[in-house]
Amino acid sequence: ACTQSVPAEFEGRYLYFDVHESFAYDIEPRPIRIVVEYHDAGCDAFELQYDSLDPAGSVRGGAFKPGGRVQTEGTGEWRSTQFDVFDARFADRCNGADFRLWVIGSGELAVSAGRVEKAPND
């Protein structure tokens, strides 16, 4: 089971993720790991964009800060990748979500899981 991006009328295709408020909402800076399980076929690459505390991080006061890019290899296998961020805000400012995956190039992105983990404060 998975979710997949679809062709859009306008430029840009995204998969949005909302972190439940009981887990993290408008949080103080701390290490956060976002794990994505994706099908390595379809699109050329994808990029994490997340709601950050950095007002200069992107448009809308950091609501779409880039958090890393994955270049797909077209193997047709299910793979896992992780993004480590240190200034997540998660206040639903990514068009009502907390982070999104931007589909880059031609083709579509299929994702079977998106998981957010709090790293311990050391």
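The stops below go from the nonpolar core to a strand residue and then to the salt bridges.

Before selecting anything, note that this is a predicted model, in which local features need pLDDT of at least 70 and side-chain atom pairs count only at pLDDT 80 or more, while totals for chains, interfaces and linings use all residues. Residues are numbered from 1 along each chain as its sequence is written, and side-chain values use heavy atoms, with hydrogens and water left out.

**The core**

Select Ile34, Phe90, Phe99 and Leu109, which touch the most other members of the largest nonpolar core, a set of 24 residues. Such a core consists of buried Ala, Val, Leu, Ile, Met, Phe, Trp, Tyr and Cys residues joined through side-chain atoms within 4.5 Å, where buried means under 20% relative accessible area, exposed over 50% and partly exposed in between (1.4 Å probe, protein chains only). Among the strands that each supply at least two residues of this core are strand 2 (13–17), strand 3 (32–39) and strand 6 (78–85), and the largest share, 4 residues, comes from strand 3. Strands (E, at least two residues) and helices (H or I, at least four) are DSSP runs numbered from the N terminus.

Next, centre on Leu109 and display its contacts (heavy atoms within 4.5 Å); leaving aside neighbours within four places in sequence, these include Leu15, Tyr38, Phe46 and Leu101.

**Arg33**

Move to Arg33 in strand 3, which counts as partly exposed at 30% relative accessibility. The side chain of Arg33 makes a polar contact with the side chain of Asp84 at 2.7 Å; the term covers a pair of N or O atoms within 3.5 Å, of which, within protein, one must be able to donate a hydrogen and the other to accept it, and residues adjacent in sequence count only if both atoms are side-chain atoms.

**Salt bridges**

The structure holds 10 salt bridges, each a side-chain nitrogen of Lys or Arg within 4 Å of a carboxyl oxygen of Asp or Glu. Select Arg79 and Asp40, whose closest N and O atoms are 3.5 Å apart. Arg79 lies in strand 6 and Asp40 in the loop between strand 3 and strand 4, so the pair ties together parts that are 39 residues apart in sequence. Asp40 is buried, with a relative accessible area of 0%, whereas Arg79 is partly exposed at 26%.

Finally, select Arg115 and Glu117, which form a salt bridge with closest N and O atoms 3.0 Å apart. Salt bridges that share partners join Glu37, Arg115 and Glu117 into one network.
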